Amino acid sequence: MARDKSKLLYAETHEWVDVSEEGGQKIATIGISDFAIEQLNDLVYMDLPEVGKTVDAGDEFGEVESVKAVSPLYSPVGGEVVEVHSDLPDNLEGLNDDPYDFGWIVKIKIEDESGLESLMDFAAYQKQCAESG
Amino acid sequence: MSQVQLSSTPLDRCHRDAGARMVPFAGWEMPIQYDSIVSEHHACRTAAALFDVSHMGRLRFDGEGSAELLDRLMTRRVTDLAVGGVRYGLICNRDGGTLDDVLVSHLKTPSDTRYHLLVVNAANREKIVDWIKPHLEDFPRVTFSDRTEVTAMIAVQGPLAMETCKRLFSFDPARLKYYQAAITDHLSKPVIVSRTGYTGEDGFEIVCRAEEATRVWENFLLAGRDAGFRPAGLGARDTLRMEAGMPLYGHELSESIDPISAGLRFACNIKDRQFIGRDAIADLIQSGTRQVRIGLLPEGKRPARDGAEVLDLDGNPVGTVVSGGPSPTLGHPIAMAMVDREHADAQAFQVDIRGKRSKATRTKLPFYKRPQ
(Lines give C-alpha, C1' and ligand atoms only; values in the text may rest on other atoms or scores of the structure.)
Protein backbone atom coordinates (compact mmCIF):
# COMPACT_ATOMS: atom_id res chain seq x y z
CA MET A 1 0.00 0.00 0.00
CA ALA A 2 1.87 2.99 -1.24
CA ARG A 3 1.74 6.19 0.74
CA ASP A 4 0.48 9.14 -1.33
CA LYS A 5 2.85 12.04 -0.78
CA SER A 6 0.17 14.54 -1.74
CA LYS A 7 -1.92 13.46 1.27
CA LEU A 8 0.82 13.87 3.89
CA LEU A 9 1.54 16.75 6.24
CA TYR A 10 4.88 18.51 6.12
CA ALA A 11 7.07 20.40 8.58
CA GLU A 12 9.07 23.46 7.59
CA THR A 13 12.15 21.34 8.37
CA HIS A 14 11.13 18.84 5.61
CA GLU A 15 9.79 15.96 7.71
CA TRP A 16 6.58 14.38 6.41
CA VAL A 17 3.95 13.07 8.83
CA ASP A 18 1.30 10.45 8.23
CA VAL A 19 -1.25 10.31 11.06
CA SER A 20 -3.18 7.07 11.49
CA GLU A 21 -5.33 5.36 14.09
CA GLU A 22 -4.08 2.12 15.57
CA GLY A 23 -6.04 0.50 18.40
CA GLY A 24 -7.62 3.75 19.48
CA GLN A 25 -4.24 5.51 19.50
CA LYS A 26 -3.12 8.21 17.11
CA ILE A 27 0.20 7.24 15.56
CA ALA A 28 2.43 9.62 13.58
CA THR A 29 4.69 7.96 11.03
CA ILE A 30 7.54 10.32 10.20
CA GLY A 31 10.00 10.48 7.33
CA ILE A 32 11.78 13.10 5.26
CA SER A 33 10.63 14.45 1.92
CA ASP A 34 12.11 13.60 -1.47
CA PHE A 35 13.01 17.29 -1.83
CA ALA A 36 15.08 17.15 1.40
CA ILE A 37 16.78 13.93 0.35
CA GLU A 38 17.67 15.45 -3.00
CA GLN A 39 19.07 18.53 -1.24
CA LEU A 40 21.05 16.48 1.28
CA ASN A 41 22.53 14.28 -1.46
CA ASP A 42 24.93 11.38 -0.83
CA LEU A 43 23.57 10.20 2.54
CA VAL A 44 26.10 8.36 4.67
CA TYR A 45 24.67 7.98 8.14
CA MET A 46 21.43 8.06 10.09
CA ASP A 47 21.02 8.13 13.85
CA LEU A 48 17.72 6.83 15.23
CA PRO A 49 16.19 7.11 18.71
CA GLU A 50 15.51 4.15 21.02
CA VAL A 51 12.01 2.73 21.15
CA GLY A 52 10.36 4.06 24.33
CA LYS A 53 11.98 7.47 24.17
CA THR A 54 9.60 10.40 24.70
CA VAL A 55 9.90 13.53 22.63
CA ASP A 56 8.21 16.91 22.78
CA ALA A 57 6.86 18.52 19.64
CA GLY A 58 9.78 20.25 17.92
CA ASP A 59 12.42 18.06 19.61
CA GLU A 60 15.27 16.53 17.70
CA PHE A 61 14.77 12.75 17.57
CA GLY A 62 17.67 11.76 15.34
CA GLU A 63 19.92 12.97 12.59
CA VAL A 64 20.74 12.26 9.01
CA GLU A 65 24.17 12.93 7.63
CA SER A 66 25.39 13.48 4.09
CA VAL A 67 28.95 13.67 2.81
CA LYS A 68 28.96 17.38 3.50
CA ALA A 69 26.80 18.00 6.55
CA VAL A 70 24.68 16.77 9.44
CA SER A 71 20.97 17.59 9.57
CA PRO A 72 18.86 17.08 12.68
CA LEU A 73 15.51 15.34 12.40
CA TYR A 74 12.70 17.06 14.30
CA SER A 75 9.50 15.49 15.57
CA PRO A 76 6.47 17.58 14.67
CA VAL A 77 4.49 15.85 17.43
CA GLY A 78 4.97 15.06 21.10
CA GLY A 79 4.76 11.48 22.32
CA GLU A 80 6.48 8.16 22.73
CA VAL A 81 8.59 6.49 20.06
CA VAL A 82 6.84 3.16 19.53
CA GLU A 83 8.75 1.87 16.51
CA VAL A 84 11.92 2.77 14.61
CA HIS A 85 12.91 1.66 11.14
CA SER A 86 16.11 -0.03 12.21
CA ASP A 87 16.92 -1.38 8.71
CA LEU A 88 17.09 2.13 7.32
CA PRO A 89 20.57 3.29 8.48
CA ASP A 90 22.17 0.36 6.66
CA ASN A 91 20.07 0.93 3.54
CA LEU A 92 20.17 4.66 3.04
CA GLU A 93 19.99 4.25 -0.73
CA GLY A 94 16.48 2.91 -0.07
CA LEU A 95 15.65 6.33 1.36
CA ASN A 96 16.62 7.87 -1.98
CA ASP A 97 14.62 5.35 -3.97
CA ASP A 98 11.50 5.29 -1.88
CA PRO A 99 11.27 8.10 0.69
CA TYR A 100 7.56 7.65 1.51
CA ASP A 101 7.19 3.89 2.02
CA PHE A 102 10.52 2.17 2.65
CA GLY A 103 11.83 5.52 3.90
CA TRP A 104 9.69 5.86 7.02
CA ILE A 105 11.95 6.64 10.00
CA VAL A 106 9.96 6.49 13.26
CA LYS A 107 6.44 5.96 14.57
CA ILE A 108 5.38 8.11 17.50
CA LYS A 109 2.32 7.55 19.67
CA ILE A 110 0.88 11.04 19.73
CA GLU A 111 0.38 12.53 23.18
CA ASP A 112 0.59 16.16 22.13
CA GLU A 113 -0.85 16.90 18.74
CA SER A 114 -0.60 20.68 18.98
CA GLY A 115 2.38 20.56 16.60
CA LEU A 116 0.17 19.14 13.87
CA GLU A 117 -1.60 22.47 13.48
CA SER A 118 1.54 24.20 12.28
CA LEU A 119 2.20 21.60 9.58
CA MET A 120 1.67 22.31 5.91
CA ASP A 121 -0.35 20.41 3.39
CA PHE A 122 1.37 19.20 0.24
CA ALA A 123 0.53 22.30 -1.81
CA ALA A 124 1.91 24.65 0.83
CA TYR A 125 5.01 22.52 1.24
CA GLN A 126 5.62 22.44 -2.52
CA LYS A 127 5.41 26.21 -2.50
CA GLN A 128 8.03 26.40 0.29
CA CYS A 129 10.35 24.10 -1.68
CA ALA A 130 9.92 26.10 -4.87
CA GLU A 131 10.78 29.30 -3.04
CA SER A 132 13.88 27.84 -1.37
CA GLY A 133 15.05 25.83 -4.37
CA MET B 1 23.81 36.83 6.26
CA SER B 2 26.64 39.17 5.49
CA GLN B 3 26.16 41.79 2.81
CA VAL B 4 29.57 41.19 1.24
CA GLN B 5 29.46 41.24 -2.53
CA LEU B 6 30.55 37.82 -3.78
CA SER B 7 32.89 37.51 -6.75
CA SER B 8 32.13 35.17 -9.62
CA THR B 9 34.80 33.22 -11.47
CA PRO B 10 35.02 33.46 -15.26
CA LEU B 11 33.46 29.98 -15.35
CA ASP B 12 30.30 30.95 -13.46
CA ARG B 13 28.05 30.51 -16.49
CA CYS B 14 29.46 27.01 -17.21
CA HIS B 15 28.71 25.94 -13.64
CA ARG B 16 25.15 27.25 -13.69
CA ASP B 17 24.44 25.76 -17.11
CA ALA B 18 25.66 22.40 -15.79
CA GLY B 19 23.21 22.65 -12.88
CA ALA B 20 25.79 23.21 -10.18
CA ARG B 21 24.71 24.10 -6.68
CA MET B 22 26.52 27.38 -5.97
CA VAL B 23 27.62 28.39 -2.48
CA PRO B 24 29.55 31.32 -1.00
CA PHE B 25 33.16 30.35 -0.31
CA ALA B 26 35.90 32.74 0.80
CA GLY B 27 34.19 35.68 -0.89
CA TRP B 28 33.42 33.79 -4.11
CA GLU B 29 30.37 32.05 -5.45
CA MET B 30 31.62 28.54 -6.15
CA PRO B 31 30.10 25.21 -7.21
CA ILE B 32 29.89 22.84 -4.22
CA GLN B 33 28.64 20.02 -6.46
CA TYR B 34 27.10 19.46 -9.86
CA ASP B 35 25.30 16.22 -9.25
CA SER B 36 26.68 14.12 -6.42
CA ILE B 37 29.83 14.69 -4.39
CA VAL B 38 30.44 10.94 -4.26
CA SER B 39 30.19 10.39 -8.03
CA GLU B 40 32.40 13.42 -8.73
CA HIS B 41 34.91 12.01 -6.24
CA HIS B 42 34.90 8.61 -7.96
CA ALA B 43 35.26 10.24 -11.40
CA CYS B 44 38.48 11.86 -10.17
CA ARG B 45 39.85 8.58 -8.79
CA THR B 46 38.96 6.50 -11.86
CA ALA B 47 39.02 8.90 -14.86
CA ALA B 48 39.50 12.62 -14.26
CA ALA B 49 37.66 15.57 -12.78
CA LEU B 50 37.79 19.25 -13.68
CA PHE B 51 37.82 21.78 -10.89
CA ASP B 52 37.40 25.52 -11.20
CA VAL B 53 40.03 26.85 -8.80
CA SER B 54 39.95 30.41 -10.13
CA HIS B 55 39.10 31.68 -6.65
CA MET B 56 42.65 30.94 -5.51
CA GLY B 57 44.91 33.98 -5.48
CA ARG B 58 47.54 34.30 -8.23
CA LEU B 59 50.25 36.83 -7.40
CA ARG B 60 53.00 37.64 -9.87
CA PHE B 61 56.48 38.94 -9.10
CA ASP B 62 58.57 40.34 -11.94
CA GLY B 63 62.08 41.74 -11.88
CA GLU B 64 65.33 41.35 -10.08
CA GLY B 65 64.93 40.42 -6.43
CA SER B 66 61.66 38.48 -6.83
CA ALA B 67 63.20 35.22 -5.63
CA GLU B 68 64.93 36.99 -2.71
CA LEU B 69 61.69 38.70 -1.69
CA LEU B 70 59.78 35.40 -1.71
CA ASP B 71 62.65 33.67 0.04
CA ARG B 72 62.27 36.10 2.92
CA LEU B 73 58.56 35.26 3.26
CA MET B 74 58.57 31.52 2.70
CA THR B 75 59.57 28.56 4.87
CA ARG B 76 60.88 26.95 1.69
CA ARG B 77 63.99 28.11 -0.15
CA VAL B 78 63.06 30.01 -3.32
CA THR B 79 66.40 31.45 -4.45
CA ASP B 80 67.56 28.13 -5.92
CA LEU B 81 64.24 27.30 -7.61
CA ALA B 82 65.14 26.70 -11.26
CA VAL B 83 62.99 27.92 -14.14
CA GLY B 84 60.23 25.35 -14.54
CA GLY B 85 60.19 24.44 -10.86
CA VAL B 86 57.26 24.57 -8.42
CA ARG B 87 57.56 24.44 -4.64
CA TYR B 88 55.09 24.06 -1.81
CA GLY B 89 55.77 26.11 1.29
CA LEU B 90 54.28 28.14 4.10
CA ILE B 91 54.17 31.83 4.86
CA CYS B 92 54.45 32.30 8.62
CA ASN B 93 54.39 35.12 11.13
CA ARG B 94 57.32 35.76 13.50
CA ASP B 95 55.92 33.26 16.01
CA GLY B 96 55.79 30.49 13.44
CA GLY B 97 52.00 30.67 13.12
CA THR B 98 50.90 29.87 9.59
CA LEU B 99 49.50 32.74 7.52
CA ASP B 100 49.00 30.57 4.44
CA ASP B 101 50.22 27.54 2.55
CA VAL B 102 51.26 28.40 -0.98
CA LEU B 103 52.80 27.20 -4.21
CA VAL B 104 55.54 29.20 -5.89
CA SER B 105 56.46 28.62 -9.54
CA HIS B 106 59.42 30.00 -11.47
CA LEU B 107 58.31 30.61 -15.05
CA LYS B 108 59.76 31.82 -18.33
CA THR B 109 57.66 33.40 -21.09
CA PRO B 110 58.31 32.69 -24.80
CA SER B 111 59.94 36.14 -24.96
CA ASP B 112 62.30 35.02 -22.20
CA THR B 113 60.84 37.04 -19.33
CA ARG B 114 61.30 35.23 -16.06
CA TYR B 115 58.92 35.69 -13.17
CA HIS B 116 57.58 34.01 -10.05
CA LEU B 117 53.94 33.12 -9.52
CA LEU B 118 52.62 32.63 -6.00
CA VAL B 119 49.31 30.77 -5.63
CA VAL B 120 47.60 31.49 -2.31
CA ASN B 121 44.33 30.42 -0.71
CA ALA B 122 41.28 32.51 -1.64
CA ALA B 123 40.47 33.21 2.00
CA ASN B 124 44.01 34.50 2.64
CA ARG B 125 44.62 36.51 -0.51
CA GLU B 126 43.99 39.94 0.97
CA LYS B 127 45.96 39.11 4.11
CA ILE B 128 48.94 37.85 2.09
CA VAL B 129 48.89 40.84 -0.28
CA ASP B 130 48.97 43.12 2.79
CA TRP B 131 51.78 41.01 4.27
CA ILE B 132 53.85 41.27 1.09
CA LYS B 133 53.46 45.01 0.45
CA PRO B 134 55.77 46.44 3.12
CA HIS B 135 58.60 44.16 1.93
CA LEU B 136 58.39 45.53 -1.61
CA GLU B 137 60.16 48.68 -0.40
CA ASP B 138 63.31 46.64 0.15
CA PHE B 139 63.16 45.26 -3.39
CA PRO B 140 62.64 48.34 -5.58
CA ARG B 141 63.11 46.47 -8.87
CA VAL B 142 60.35 43.97 -8.13
CA THR B 143 56.97 44.58 -9.79
CA PHE B 144 54.14 42.96 -7.90
CA SER B 145 50.76 42.32 -9.53
CA ASP B 146 47.65 40.48 -8.38
CA ARG B 147 46.61 38.42 -11.42
CA THR B 148 43.67 36.68 -9.75
CA GLU B 149 40.87 38.55 -11.48
CA VAL B 150 42.37 38.69 -14.97
CA THR B 151 43.08 34.96 -15.10
CA ALA B 152 41.28 31.70 -14.42
CA MET B 153 42.67 28.48 -12.99
CA ILE B 154 41.43 24.98 -13.77
CA ALA B 155 42.64 21.73 -12.22
CA VAL B 156 42.37 18.52 -14.26
CA GLN B 157 42.98 15.63 -11.89
CA GLY B 158 42.80 11.89 -12.27
CA PRO B 159 44.57 8.85 -13.73
CA LEU B 160 43.45 9.70 -17.29
CA ALA B 161 44.16 13.45 -17.11
CA MET B 162 47.65 13.53 -18.66
CA GLU B 163 47.04 10.94 -21.37
CA THR B 164 43.73 12.39 -22.53
CA CYS B 165 44.84 16.01 -22.55
CA LYS B 166 48.35 15.78 -23.91
CA ARG B 167 47.32 16.41 -27.51
CA LEU B 168 45.62 19.66 -26.51
CA PHE B 169 48.91 21.39 -25.83
CA SER B 170 51.73 22.47 -28.10
CA PHE B 171 54.00 20.22 -26.07
CA ASP B 172 53.34 17.02 -24.12
CA PRO B 173 52.63 18.06 -20.51
CA ALA B 174 53.65 14.54 -19.46
CA ARG B 175 57.21 15.81 -20.02
CA LEU B 176 56.71 17.83 -16.87
CA LYS B 177 57.70 15.99 -13.73
CA TYR B 178 55.60 16.26 -10.60
CA TYR B 179 55.98 19.86 -9.32
CA GLN B 180 57.19 21.31 -12.59
CA ALA B 181 55.49 24.01 -14.65
CA ALA B 182 55.81 25.59 -18.08
CA ILE B 183 54.21 28.21 -20.25
CA THR B 184 52.82 26.62 -23.38
CA ASP B 185 50.09 27.12 -25.95
CA HIS B 186 46.60 25.77 -25.58
CA LEU B 187 44.01 26.68 -28.25
CA SER B 188 46.71 28.99 -29.65
CA LYS B 189 46.86 31.06 -26.47
CA PRO B 190 49.61 31.03 -23.88
CA VAL B 191 48.74 29.22 -20.64
CA ILE B 192 50.67 28.08 -17.59
CA VAL B 193 50.55 24.32 -17.05
CA SER B 194 51.86 22.78 -13.85
CA ARG B 195 51.92 19.16 -12.81
CA THR B 196 50.43 19.82 -9.41
CA GLY B 197 47.13 19.19 -7.69
CA TYR B 198 45.18 18.75 -4.53
CA THR B 199 43.51 15.36 -4.91
CA GLY B 200 46.24 12.73 -4.55
CA GLU B 201 45.91 11.93 -8.26
CA ASP B 202 48.20 12.69 -11.15
CA GLY B 203 47.11 15.63 -13.25
CA PHE B 204 47.75 19.25 -13.94
CA GLU B 205 46.58 22.75 -13.20
CA ILE B 206 46.26 25.37 -15.88
CA VAL B 207 46.18 29.16 -15.63
CA CYS B 208 44.71 31.00 -18.60
CA ARG B 209 43.37 34.47 -19.30
CA ALA B 210 39.91 35.03 -17.84
CA GLU B 211 38.35 35.56 -21.26
CA GLU B 212 39.69 32.18 -22.46
CA ALA B 213 38.42 30.26 -19.43
CA THR B 214 35.13 29.01 -20.85
CA ARG B 215 36.76 27.75 -24.03
CA VAL B 216 39.51 25.96 -22.09
CA TRP B 217 37.01 24.37 -19.66
CA GLU B 218 34.71 23.16 -22.41
CA ASN B 219 37.62 21.90 -24.45
CA PHE B 220 38.89 19.68 -21.62
CA LEU B 221 35.39 18.39 -20.90
CA LEU B 222 34.93 17.56 -24.56
CA ALA B 223 38.35 15.92 -24.84
CA GLY B 224 37.58 13.75 -21.83
CA ARG B 225 33.96 12.99 -22.63
CA ASP B 226 34.57 9.39 -23.69
CA ALA B 227 37.13 8.88 -20.94
CA GLY B 228 34.58 9.81 -18.26
CA PHE B 229 35.76 13.31 -17.30
CA ARG B 230 33.35 15.25 -15.11
CA PRO B 231 33.28 18.67 -13.54
CA ALA B 232 33.65 18.43 -9.77
CA GLY B 233 32.86 20.94 -7.05
CA LEU B 234 34.36 22.02 -3.77
CA GLY B 235 32.63 19.11 -1.99
CA ALA B 236 34.59 16.47 -3.89
CA ARG B 237 37.72 18.62 -3.74
CA ASP B 238 37.50 18.42 0.06
CA THR B 239 36.85 14.65 0.30
CA LEU B 240 39.68 14.01 -2.20
CA ARG B 241 42.26 16.16 -0.41
CA MET B 242 41.26 14.61 2.94
CA GLU B 243 41.88 11.10 1.62
CA ALA B 244 45.23 12.33 0.31
CA GLY B 245 46.05 13.65 3.81
CA MET B 246 46.62 17.15 2.48
CA PRO B 247 46.21 20.12 4.81
CA LEU B 248 43.50 22.72 4.23
CA TYR B 249 44.10 26.18 5.61
CA GLY B 250 41.64 26.89 8.42
CA HIS B 251 41.69 23.21 9.42
CA GLU B 252 45.14 21.61 9.59
CA LEU B 253 46.84 25.02 9.34
CA SER B 254 46.06 28.39 10.90
CA GLU B 255 47.77 31.27 12.64
CA SER B 256 47.71 29.10 15.76
CA ILE B 257 48.96 25.93 14.02
CA ASP B 258 52.59 26.09 12.96
CA PRO B 259 53.94 24.00 10.06
CA ILE B 260 55.83 21.60 12.34
CA SER B 261 52.72 20.70 14.37
CA ALA B 262 50.91 20.18 11.07
CA GLY B 263 53.55 17.64 10.01
CA LEU B 264 55.06 19.87 7.31
CA ARG B 265 58.69 19.72 8.43
CA PHE B 266 59.61 18.82 4.83
CA ALA B 267 58.38 22.25 3.68
CA CYS B 268 60.67 24.16 6.08
CA ASN B 269 64.27 24.80 4.99
CA ILE B 270 65.93 26.03 8.17
CA LYS B 271 69.62 25.62 7.45
CA ASP B 272 71.61 28.74 6.47
CA ARG B 273 68.48 30.75 5.85
CA GLN B 274 66.60 33.65 7.33
CA PHE B 275 62.88 33.97 6.73
CA ILE B 276 60.05 35.37 8.79
CA GLY B 277 59.25 32.87 11.54
CA ARG B 278 62.49 30.95 11.03
CA ASP B 279 63.74 31.14 14.62
CA ALA B 280 60.38 30.15 16.08
CA ILE B 281 60.18 27.20 13.71
CA ALA B 282 63.77 26.16 14.47
CA ASP B 283 62.86 26.16 18.19
CA LEU B 284 59.80 24.00 17.53
CA ILE B 285 61.89 21.50 15.58
CA GLN B 286 64.43 21.45 18.42
CA SER B 287 62.09 21.22 21.39
CA GLY B 288 59.05 19.54 19.82
CA THR B 289 55.58 20.94 19.31
CA ARG B 290 52.74 20.79 21.83
CA GLN B 291 50.51 18.97 19.35
CA VAL B 292 50.96 16.80 16.27
CA ARG B 293 48.70 15.99 13.34
CA ILE B 294 47.52 12.39 13.12
CA GLY B 295 45.11 10.32 11.02
CA LEU B 296 42.17 8.57 12.67
CA LEU B 297 39.71 5.93 11.53
CA PRO B 298 36.51 6.34 13.56
CA GLU B 299 34.66 3.03 14.01
CA GLY B 300 31.29 2.57 12.39
CA LYS B 301 29.70 4.75 9.76
CA ARG B 302 29.36 7.96 11.72
CA PRO B 303 31.88 10.58 10.58
CA ALA B 304 33.76 12.66 13.14
CA ARG B 305 33.95 16.17 11.77
CA ASP B 306 35.90 19.35 12.32
CA GLY B 307 35.67 20.33 16.00
CA ALA B 308 34.91 16.89 17.46
CA GLU B 309 36.86 16.31 20.66
CA VAL B 310 39.47 13.52 20.73
CA LEU B 311 39.84 11.63 24.02
CA ASP B 312 42.08 8.88 25.29
CA LEU B 313 40.50 5.55 26.28
CA ASP B 314 40.05 6.83 29.85
CA GLY B 315 38.02 9.76 28.56
CA ASN B 316 40.62 12.51 29.03
CA PRO B 317 40.59 15.14 26.30
CA VAL B 318 43.78 14.92 24.22
CA GLY B 319 42.97 16.83 21.05
CA THR B 320 40.52 17.93 18.38
CA VAL B 321 39.46 16.70 14.95
CA VAL B 322 40.42 19.34 12.35
CA SER B 323 38.97 17.65 9.24
CA GLY B 324 36.78 14.62 8.93
CA GLY B 325 34.06 12.99 6.92
CA PRO B 326 33.18 9.93 4.95
CA SER B 327 35.83 8.62 2.56
CA PRO B 328 34.08 7.68 -0.69
CA THR B 329 37.09 5.66 -1.86
CA LEU B 330 37.58 3.68 1.35
CA GLY B 331 33.90 3.43 2.25
CA HIS B 332 34.28 4.47 5.87
CA PRO B 333 34.89 7.67 7.82
CA ILE B 334 38.33 9.25 8.07
CA ALA B 335 39.56 12.15 10.18
CA MET B 336 42.65 14.21 10.80
CA ALA B 337 43.21 15.49 14.32
CA MET B 338 45.63 17.63 16.28
CA VAL B 339 46.52 15.71 19.45
CA ASP B 340 48.85 16.42 22.36
CA ARG B 341 52.33 15.15 21.62
CA GLU B 342 52.44 12.77 24.59
CA HIS B 343 49.48 10.91 23.08
CA ALA B 344 50.72 10.98 19.51
CA ASP B 345 51.98 7.40 19.63
CA ALA B 346 48.78 5.93 21.04
CA GLN B 347 46.91 3.64 18.67
CA ALA B 348 43.42 3.87 20.15
CA PHE B 349 41.36 6.97 20.86
CA GLN B 350 37.77 8.00 21.29
CA VAL B 351 36.02 10.79 19.44
CA ASP B 352 33.08 12.69 20.84
CA ILE B 353 30.55 13.17 18.06
CA ARG B 354 27.90 15.56 19.34
CA GLY B 355 27.78 13.89 22.75
CA LYS B 356 28.20 10.28 21.60
CA ARG B 357 31.58 8.61 21.84
CA SER B 358 33.01 6.30 19.20
CA LYS B 359 36.31 4.46 19.16
CA ALA B 360 38.89 5.61 16.64
CA THR B 361 42.12 3.94 15.57
CA ARG B 362 45.26 5.81 14.67
CA THR B 363 46.37 5.36 11.08
CA LYS B 364 49.21 6.59 8.90
CA LEU B 365 48.64 9.51 6.55
CA PRO B 366 47.71 9.65 3.76
CA PHE B 367 44.56 7.54 3.95
CA TYR B 368 44.73 6.97 0.21
CA LYS B 369 47.70 6.62 -2.11
CA ARG B 370 47.17 6.24 -5.83
CA PRO B 371 48.33 2.94 -7.33
CA GLN B 372 51.78 3.43 -8.89
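## Annotated domain in chain A

UniProt lists residues 27-109 of chain A as "domain: Lipoyl-binding", in an unreviewed entry. The model discussed here is predicted. Within residues 27-109 of chain A, 43% of the chain is strand and 16% is helix.

## Fold of chain A

Chain A contains nine strands and three helices. Read from the N terminus, their order is β-β-β-α-β-β-β-β-β-α-β-α. The radius of gyration of chain A is 14 Å, close to the 14 Å from the globule rule for 133 residues, so chain A is as compact as a globular protein of that length.

Along the principal axes, the C-alpha atoms of chain A fill a box of roughly 40 × 30 × 30 Å. Buried residues make up 37% of the 133 in chain A. Among contacts in chain A with a separation of 6 or more, 63% join residues 24 or more positions apart.

## Helix H6 of chain B

Helix H6 of chain B spans residues 213-223. Four of its residues are buried: B:Ala213, B:Val216, B:Trp217 and B:Phe220. These residues cover an arc of only 100° around the axis, which puts them on the same side of H6(B).

What do the buried residues of H6(B) pack against? Their partners in chain B include two helices, H1 (12-17) and H5 (161-165). Strands S4 (49-52), S10 (151-157), S11 (181-186) and S13 (203-209) of chain B also pack against the buried residues of H6(B).

Methods:
Residues numbered from 1 in each chain as written. Chains lettered and ligands numbered in written order. Predicted model: local features only at pLDDT ≥ 70, side-chain atom pairs only at ≥ 80, totals over all residues. Rg over C-alpha atoms; globule rule 2.2 N^0.38 Å. Buried ≥ 20, exposed ≤ 12 C-beta atoms within 10 Å, placed from the backbone. Contact = placed C-beta atoms within 7 Å. UniProt positions renumbered as here; feature names shortened; annotations may be inferred. Arc of directions from axis to C-beta.
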